[in-house]
Amino acid sequence: MSTIQEEASGKKSGEIRYLTPLDIDNSTVKKYCRFKKYGIKYVDYKDSDFLLQFINEQGKLLPRRITGTSLKYQRKVSVAVKRARHLALLPYVADLLK
Amino acid sequence: MNHYETVFILNPVLSDEQTKETVLTYEKFLTSKGAKFISKEDWGLKKLAYPIQNKKSGFYHLFEYTVDPNIISDLELEFRRDERFMRYLTVKLDKHAVHWAEKRRERSKTKKV
């Protein structure tokens, strides 16, 4: 039951008014494939600090929807990460890698 | 003659001479089979991301060379027999990889200077 004062001010009943304005930024940043943009043609399995950007804290490969890389380069990244893991440059399983 | 790149890890218990001697034996092995070396790198003693043969570190070496494809299987057979080798990985380099390797060498040269 909205109060008389609310009705007087012509507001629809049940509209919640907050003290501080809600600023939900739902503007999605356009993701781009960094390999295409910077023209990187080969993912080197030896520089592990570059590959760290493509794995999460547990050492697992990040999906494309998060890194935004295109399919062609995601495959190259996954091959490179698996080679780095074979050479013990990257762990198979890790906790708090970063 | 394809471009190849081999990275291998040697047992950390080896002394310095033994590691140098192993690297030399395999260089000779490759050159005797007609390989042409492009670059040799020694990353020294590095910590492994996970223990291999319950060792925590290893001597990393890199060979970049061009050789006939059929030599690679003999090379890897030797690696498998040799117990000083903890792990090895041979990769065929395509043109992008060769280009990247050259750039990487220049970058490391400029860094050292």
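Predicted model: local features only at pLDDT ≥ 70, side-chain atom pairs only at ≥ 80, totals over all residues.
**Exercise 1. Getting to know chain A**

Task: Find how many helices and strands chain A has, and describe how much of the chain is buried.

Solution: 
- Step 1. Begin with the elements: chain A has five helices and zero strands. Along the sequence the pattern reads α-α-α-α-α.
- Step 2. Turn to burial. Of the 98 residues in chain A, 34% are buried.
- Step 3. Check the contacts. Among those in chain A with a separation of 6 or more, 59% are between residues 24 or more positions apart.

**Exercise 2. The two sides of helix α5 in chain A**

Task: Work out which residues of α5(A) are buried, and what covers them.

Solution: 
- Step 1. The 16 residues of α5(A), residues 71–86, should span 22 Å at 1.5 Å a residue, and the end C-alpha atoms are 23 Å apart, which agrees.
- Step 2. List the buried residues of α5(A): Y73(A), Q74(A), V77(A), S78(A), A80(A), V81(A), A84(A) and R85(A). Around the axis they cover an arc of only 165°, which puts them on the same side of α5(A).
- Step 3. Now look at the other side of α5(A), where K72(A) and R75(A) are exposed.
- Step 4. Find the cover. The buried residues of α5(A) are covered by elements including α2, α3 and α4 of chain A, together with β2 of chain B.
- Step 5. Look past the helix: α5(A) is followed by A88(A), which has a positive phi near 60°.

**Exercise 3. Two helices of chain B**

Task: Decide for α1(B) and then for α2(B) which residues are buried and which are exposed on the face turned away.

Solution: 
- Step 1. Start with α1(B). This helix has 17 residues and reaches 24 Å from its first C-alpha to its last, close to the 24 Å expected at 1.5 Å a residue.
- Step 2. The buried residues of α1(B) are T19(B), T22(B), V23(B), Y26(B), E27(B), F29(B) and L30(B). Seen down the axis, they fall within an arc of 160°, so they line one face of α1(B).
- Step 3. The face turned away from the buried side of α1(B) carries the exposed residues E17(B), K20(B), K28(B) and S32(B).
- Step 4. Take T19(B) as an example. T19(B) has 5% relative accessibility and counts as buried, since the cut-off is under 20%. Beyond its neighbours within four places in sequence, T19(B) is in contact with L10(B), L14(B) and F59(B).
- Step 5. Move to α2(B), residues 71–81, where I71(B), I72(B), L75(B), E76(B) and F79(B) are buried. They fall within an arc of 130° seen down the axis, so they line one face of α2(B).
- Step 6. The exposed residues R80(B) and R81(B) sit on the face of α2(B) turned away from its buried side.
- Step 7. Ask what packs where. The buried residues of α1(B) pack against β1, β2, β3, α2 and β4 of chain B, while the cover of the buried residues of α2(B) includes β1, α1, β3 and β4 of chain B.

**Exercise 4. Following the salt bridges**

Solution: 
- Step 1. Over all chains, the structure holds ten salt bridges.
- Step 2. E5(B) lies in strand β1 of chain B and K46(A) in the loop between α2 and α3 of chain A, so the pair joins two chains.
- Step 3. Check burial for this pair. E5(B) is buried at 2% relative accessible area, and K46(A) is buried at 8%.
- Step 4. K40(B) is in strand β2 and E27(B) in helix α1 of chain B, 13 residues apart.
- Step 5. Return to the pair from Step 2: a network of salt bridges links D44(A), K46(A), E5(B), E41(B) and R104(B).

Conventions:
Residues numbered from 1 in each chain as written. Chains lettered and ligands numbered in written order. Heavy atoms only, no water. Buried < 20%, exposed > 50% of the residue type's maximum accessible area, 1.4 Å probe, protein only. Helix = DSSP H or I, 4+ residues; strand = E, 2+ residues; numbered from the N terminus. Arc of directions from axis to C-beta. Contact = heavy atoms within 4.5 Å. Expected span 1.5 Å × (residues − 1). Salt bridge = Lys/Arg side-chain N within 4 Å of Asp/Glu carboxyl O.
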